[in-house]
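Subject: Handover of a structure and notes on its contents

Dear colleague,

Please find below the structure that I am handing over to you. My notes on it follow directly after.

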Amino acid sequence: MLARPGPDAGEVAWDNYLHLRDNPAGVTEELWQHDGGCGSWLVVTRDTVSHVISKVEMAADVKRAMQAAS
Amino acid sequence: MRVASKGLIDRSKPVHFSFDGRTYRGFAGDTVASALLANGVTLMGRSFKYHRPRGVMTAGSEEPNALITTGTGARREPNVRATVQEIYDGLVTRSQNAWPSLDVDVMAVNDLAAPFLGAGFYYKTFMWPKRFWEAIYEPVIRKTAGLGALSGESNPDTYERAYAFCDLLVIGAGPTGLMAALTAARAGADVILVDEDSVMGGRLNAESEAVGHQSGALWAAGIVAELAAMDNVRLMPRTTVTGAYDGGMFGALERVNQHTSKRGGGAPLEAFWRISAKHSILAAGALERPVAFQNNDRPGIMTAGAVRAYLNRWGVAPGRRVAVFGNNDDAHRTARDLMAAGVHVVALIDSRAEAEIEGFDGQVITGAVVCNTGGRKALESITVRSEAGEEALQVDCLAVSGGWNPTVHLTCYMNGRPTWREDIQSFVPPPGAIPNMTVAGACNGVFSTHGCLSDGVDAGTAALKALGKKAVAVEVPVAEDADYALVPLWAVAGKGRAWLDFQNDVSVKDIKQAAVENFRSVEHMKRYTTQGMATDQGKNSNVAALAILADATGRGMPETGTTTFRPPYSPVAIAAMGAGAQGHGFAPERHTTSHKRTVERGAPMIEAGLWYRPSYFPKAGETTWRQSCDREVGYVRKAVGVCDVSTLGKIDIQGPDAGKLLDFVYTNMFSTLKVGRVRYGLMLREDGMVMDDGTTARLGEHHFVMTTTTAAAGNVMRHLEFVTQCLHPEWAVSFTSVTEQWAQFAVAGPKARELLNGLLDKEIDNDNWPFMACGDVSIGGVAGRLFRISFSGEHAYEVAVPSRFGAALFDELVKRAEALGGGPYGMEALNVLRIEKGFITHAEIEGRATASDVGMGRMISVKKDCIGKAMAARPGLVDAERPQLIGLKPVSAEGEMTAGAHLFEREAEAVRVNAKGHVSSVGYSPELGRMIGLGFFAAGPTRMGEVVRLVDHLRGVETEVEICHPVFVDPEGERARG
Ligand SMILES: [Zn+2]
């Protein structure tokens, strides 16, 4: 969700970005928003079986790190 | 009958209450069940399906039979367990599920028809014919089956939602829970101890065994007193933990005033708690299970542990001639306690031939079972079967024990599956089922008092370790430490009906029948027979039902497994869970600054999200809303109208990259917009569908104000937050919602400027304030903003002031409008005005429309990327045959049109597959003198002037309509610019 394809990336890339999601029984990363509060978007690492949340990062920080790496 | 010198009741405090219209006397400390038993009342209810007479079976919240209705009128509360409800002076209770009375219930005829009403009866009988279901079967079933009924009146009682936090939550205050709480509390942990009973101590209050050198009840009271005196402990009696959730969160229901006559005022009847705990200890104990045998449901038959509880805790002998029947040593206690209290024990019957009975010198029959009973509304006799044959015994009470089931429910609420333990013939919680929860005592299969006390200390110590606190040594007092010896006995072989689920009338035969019909999975068996589906959720009967299913299917218990337990553990009133949400509490209300004045003018208010907006402003002499609406449309078209538009979302956007953000979220260009100008923008979702539309004004080089529709304000805000945090955190831009900060009014009509110029500190004209201009203005010295925009197609403005001036400005605008032959207008007129101009709202952009569907395909700029641009270009979304925005008008001036109607070709049959489009908005246009509408039609723009058929199957409307251009009034847009 953080890696938005360019306008000319083509159908496959856009389909993947918009529609295709892994649905693992286990650890997965999700985007949450603190909707009733400050409005922050968060990258939450959660186990879909146990519901245990093992990591929470600000989405803006994650995105900045992605931008710096590319 | 009361037994002298027994029980924890206060005999100096008599309490009077009524049951089925008769007044009874009990004592403080009694439940309805104990007080009725003390008065010799054993018939307390009728079963769900067969209306069989039923008495109390247990002494706790698991009770399946003794369900009563408390209170009267609007305060009537059905399905209250007589075993839980404490009595107070003036308490009114009634039996349920019997007509005309508990004593003479004509529906008991169902019992005679029982051969036809077995497992799967509903599914088999009422399948055909289909229309009979609604007309006959369901009403009849609802009338004859079912439990208590609500009053149908609004609930006048107060409920509360409450929150608590702790280091350690201890669930259950029996020997295990008390020791666990004590261990943790003495070490300084912040402890909450919860128990569903009014008196803490659990089974210690129901048994005669000593703990240390005193009675168990006294010992428990001493520990409770020590805990109560500690600052770091909160005791919550009368509170049931109903669920375990993620992150150490628990739900709990506190029956705050159910045991008093206090109603209303500040005191809540019940409180629903969310308790957040770093660690928890489940010490929920165990529930005794009965044995199934023919006619095992007569009033007077109860669990052996319940008989001891009534005797030891409430000083009540549930019968004069009692027999005890069990498959385990624990049942022997009942015979011993009764004998010691001077109650005649007719016989102690143990199914085990080798059973050794100590401390009881009455008649003992080993290797025998109870195989049938006699009596109708009360137990009169039992039949005992042994090798010697069958023998009838005259008894009025039978205490039965089939063993104990650990109360594992809470540990199963997060996918945990309990594991079978052969030695205790029951299920125990799987380890680690709930994060940070320790399971201890009887609910973990530890059944001796001493075992529970020391398990409590161990659990408390383990919790302290997990919390990083140092334990202090706690001494475990001396207590009974007997082995729990039992041989499984689920059902006694025999011909008649042997009951398992008393509340839902499920018999052993029903379970076997389900297996025969191949409902072999526990989940299928449960639904087919309704085993465990009543309000008690089969707490006494599920394990036995599983054992019988296992036997019938030739599988073991581990393989058979259990059904899925789900919260709540015991019933919770919706009123408690949703406390505060009745009436106006259901949803917050957002009022505009003109709300008061609008309501004073008699305007009916309509909800728009959480906002309240006027539908129209009625005037004397008008009898229909249409008259008001037409008049208000006339204000705007001919003079000037005033409308509060503050509900539109307003987002203040600032920063050097504000233009970049707008270019990215709108399809069209905003970075090129000049300061002091406004532009209409269209916003897409990333999938290419239209998300919202609105105008954005540029107030400064780095300063914009975006408006959104009322409905989408929240969505747009979230969307902007997503874009600026997840996609472009590098942009230097900030924004915040200012919807509440600005009151904004539309001033629309040919006399709009005339009105404003009387009010503005500096006059405007068409040159310094042309169409789509914006800027700061001063209104009587108040700094405001003026936007020349139009949602009606007329010469119009929106004027904004800080909210605190809104009410005053509205009054002033309305007064001046009225002086000019205009006035305020509401949503109905606003809707007609915008339909006449073909302006879209969320009736058109309802999530399935693309930009080209609404005729704005060319608004997607080719010069830049934007959200939704790539996906909007998908072939399916630009297909020329897609339904596209059109105007509609009836061929005949009287023709009716309805929003939601479907559109068909003139000759086509009006069936779904032939639908070519639909009507999205309609209104009556005074200017055209007929109804007009907006809608979508396949390749609509190529069909101008053609006549199609409008059909509304729901409201029975069929009209010939002409497809036309969606702008009905002033298509050149001259008026807005004038
Ligand atoms: Zn936040």
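How many salt bridges does the rule find across the interface of chain B and chain A? It finds 3. Please keep in mind throughout that this is a predicted model.

**The interface of chain B and chain A**

One of the salt bridges concerns Asp35(A) and Arg718(B), whose closest N and O atoms are 2.9 Å apart. Polar contacts between chain B and chain A amount to 9 residue pairs, counting those with both residues at pLDDT 80 or more. On the side of chain B that touches chain A, at least two residues come from each of helix H18 (713-727) and helix H22 (869-872). H18(B) gives the most to that side, namely 6 residues. By residue class, the side of chain B that touches chain A comprises 10 nonpolar, 3 polar and 8 charged residues.

In terms of extent, 24 residues of chain A and 21 residues of chain B take part in the contact. The two chains bury about 1800 Å² between them, and 57% of this area is given by carbon and sulfur atoms. Within chain B, the residues that lose the most area to chain A are Phe722(B), Gln725(B) and Cys726(B), which together account for 27% of what that side buries.

Cys38(A), with 54%, is exposed, because exposed is taken to mean over 50%.

Over all chains, the structure holds 54 salt bridges.

- Arg238(B) is placed in the loop between strands E12 (233-236) and E13 (239-245) of chain B, and Glu86(B) in the loop between strands E6 (77-81) and E7 (91-95), so the pair ties together parts that are 152 residues apart in sequence. Both Arg238(B) and Glu86(B) are buried.

- Glu207(B) is buried at a relative accessible area of 14%, and Arg308(B) is buried at 1%.

- Glu905(B) is partly exposed, at 23% relative accessible area, while Arg943(B) counts as buried at 15%.

There is also a network of salt bridges that share partners, and it joins Arg203(B), Glu207(B), Glu209(B), Arg308(B), Asp330(B), Arg333(B) and Glu480(B).

**Two loop residues of chain B**

Is Asp297(B) buried or exposed? Its relative accessibility is 2%, and Asp297(B) therefore counts as buried. Asp297(B) sits in the loop between strands E16 (286-288) and E17 (301-303) of chain B. Its side chain is joined to that of Arg54(B) by a polar contact of 2.8 Å. Leaving aside residues up to four places away in sequence, Asp297(B) touches Arg52(B), Pro53(B), Arg54(B), Trp499(B) and Phe502(B).

Gln363(B) is found in the loop between strands E19 (344-350) and E20 (364-366) of chain B. With 36% relative accessibility, Gln363(B) is partly exposed. Beyond residues up to four places away in sequence, Gln363(B) touches Val346(B), Ala347(B), Leu348(B) and Glu391(B). Gln363(B) and Leu348(B) are 15 residues apart along the chain, and their C-alpha atoms are separated by 6.2 Å.

With kind regards

Terms used
Residues are numbered from 1 along each chain as its sequence is written. Chains are lettered from A and ligands numbered from 1 in the order in which they are written. This is a predicted model: local features need pLDDT of at least 70, side-chain atom pairs count only at pLDDT 80 or more; totals for chains, interfaces and linings use all residues. Side-chain values use heavy atoms; hydrogens and water are left out. Buried means under 20% relative accessible area, exposed over 50%, partly exposed in between (1.4 Å probe, protein chains only). Contact means heavy atoms within 4.5 Å. Buried area is the accessible area (1.4 Å probe) that two parts lose on being put together, summed over both. A salt bridge is a side-chain nitrogen of Lys or Arg within 4 Å of a carboxyl oxygen of Asp or Glu. A polar contact is a pair of N or O atoms within 3.5 Å; within protein, one must be able to donate a hydrogen and the other to accept it, and residues adjacent in sequence count only if both atoms are side-chain atoms. Helices (H or I, at least four residues) and strands (E, at least two) are DSSP runs, numbered from the N terminus. Ala, Val, Leu, Ile, Met, Phe, Trp, Tyr, Cys and Pro count as nonpolar, Asp, Glu, Lys and Arg as charged, and the others, Gly among them, as polar.
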